[in-house]
Amino acid sequence: MDISTVAILSPGDMGHAVGQRLREHELDVITCLSGRSERTRALSQKAGIRDVATMEELVQRSDLIMSMTVSAAVPGVCQQVAEALAATGADTLFAECNAVSPQLVRTLEPVITDAGGRFVDVSIIGGPPRPGYSPHFYASGQHAVQFDQLNDFGLTVLKLDGEVGQASGIKMCYAAMTKGSWALYTQLLMAAEMMGLTEPLLAEFASGQQTALQRMERTIPTVPPRSRRWVSEMEEIRDTFTELGMTPHLFEGVAEMYRFIGGTPLGEEFPESRDRDRTFTETIRQLAQHVAVREDQRDQA
């Protein structure tokens with residue numbers, strides 16, 4: 001199977017950048033924006049992604065569908081695609097590219113294949129494509145070799161041996177390290193701020209944890225606009241570890257941390273519109289201040 005038309009569901013932060021990269025390498029890229037937000041429509045237009053009217057038209061026109069959405073929406077998107085596949089008789093390749101547990105992705109495969117489509121497990125590690133850079137797209141399952149064609153169109157695809165679930169598994173482990181660490185850093189710095197210890201703690205980090213401090217300075221200001229969609233991703237990591245016989249409580253806590261951040265005014269921002277002049281220490285100060293506001297509200301209730 002040669003890939004000439006790729007459908008993106010949906011063209012958000014990652015999806016529109018992937019679509020733009022594929023267009024730059026002369027693939028036709030489409031989406032279905034029915035029911036999508038004005039922001040998603042604007043990102044899609046910016047990337048030059050063509051809008052089609054219905055999901056049925058999308059599955060008929062595309063050789064490959066790449067699903068890139070928030071983890072909580074994954075089963076619903078998969079079902080919508082399956083219904084369109086069954087209605088049209090298309091055998092389109094469906095790439096599940098979201099941050100979901102291996103056990104969930106294994107339940108999604110027959111939803112697509114029973115409807116006549118083909119399924120590949122894909123996970124994305126890294127940020128959206130930008131000039132000179134592509135994130136890693138790990139692929140596993142019977143049809144991973146077909147997805148591997150995207151190496152010829154500006155993406156970096158790494159094919160894993162093994163069944164559906166392997167690509168999702170590596171994403172769960174990697175995101176546990178990165179996003180788990182950012183939640184930990186944010187919480188401990190908020191605690192220091194609330195105890196009046198920010199200055200001496202940062203001085204101690206500068207003395208003995210310079211690499212970690214640099215990561216905090218670089219990353220923490222970028223976390224709030226993304227925190228809401230990370231809640232369900234952390235819950236998928238929780239489910240992955242639980243399935244393996246490990247405690248669910250660690251990533252229940254991380255999910256709760258991102259839920260808190262997403263509920264603050266900083267969580268209302270989008271990645272492209274966040275205040276880029278706000279330092280990481282100011283970010284921490286505002287988050288810590290919101291803890292006090294929340295506690296006051298609880299007391300009044």
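Reader: Which residue takes a positive phi just after α7?
Author: Gly-196, with a phi of about 70°. Before we go on, this is a predicted model: local features need pLDDT of at least 70, side-chain atom pairs count only at pLDDT 80 or more, and totals for chains, interfaces and linings use all residues. Residues are numbered from 1 along each chain as its sequence is written, and side-chain values use heavy atoms, with hydrogens and water left out.

Reader: How are helices and strands assigned?
Author: They are DSSP runs, numbered from the N terminus: H or I with at least four residues for helices, E with at least two for strands.

Reader: What span does α7 reach?
Author: Its 29 residues reach 42 Å from first C-alpha to last, close to the expected 42 Å. The expected span is 1.5 Å times one less than the number of residues.

Reader: Where is the kink in α7 centred?
Author: On Ala-175, at about 30°. The bend is the angle between axes fitted to the seven residues ending there and the seven starting there.

Reader: Switching to charges. How many salt bridges are there in the whole structure?
Author: The search finds 14. A salt bridge here is a side-chain nitrogen of Lys or Arg within 4 Å of a carboxyl oxygen of Asp or Glu.

Reader: Which residue does Asp-13 pair with?
Author: Arg-39, with the closest N and O atoms 2.3 Å apart. Asp-13 is in helix α1 (residues 13-24) and Arg-39 in helix α2 (residues 38-47), so the pair ties together parts 26 residues apart in sequence.

Reader: Is Asp-13 buried or exposed?
Author: Buried, at 19% relative accessibility. The cut-offs: buried is under 20% relative accessible area, exposed over 50%, partly exposed in between (1.4 Å probe, protein chains only).

Reader: What else is Asp-13 in contact with?
Author: Beyond neighbours within four places in sequence, its contacts include Leu-43, Pro-128, Arg-229, Pro-271 and Glu-272. Contact means heavy atoms within 4.5 Å.

Reader: Which residue forms a salt bridge with Arg-39 at 2.7 Å?
Author: Glu-272. That pair links distant parts of the chain, 233 residues apart: Glu-272 sits in the loop between α11 (249-262) and α12 (280-300). Glu-272 is partly exposed, at 44%.

Reader: And what does Arg-106 pair with?
Author: Glu-163, with closest N and O atoms 3.6 Å apart. Arg-106 is in helix α5 (residues 102-113) and Glu-163 in the loop between β8 (156-159) and α7 (166-194), so this pair ties together parts 57 residues apart in sequence. Arg-106 counts as partly exposed, at 36%.

Reader: Which residues do shared partners join into one network?
Author: Asp-13, Arg-39, Arg-229 and Glu-272.
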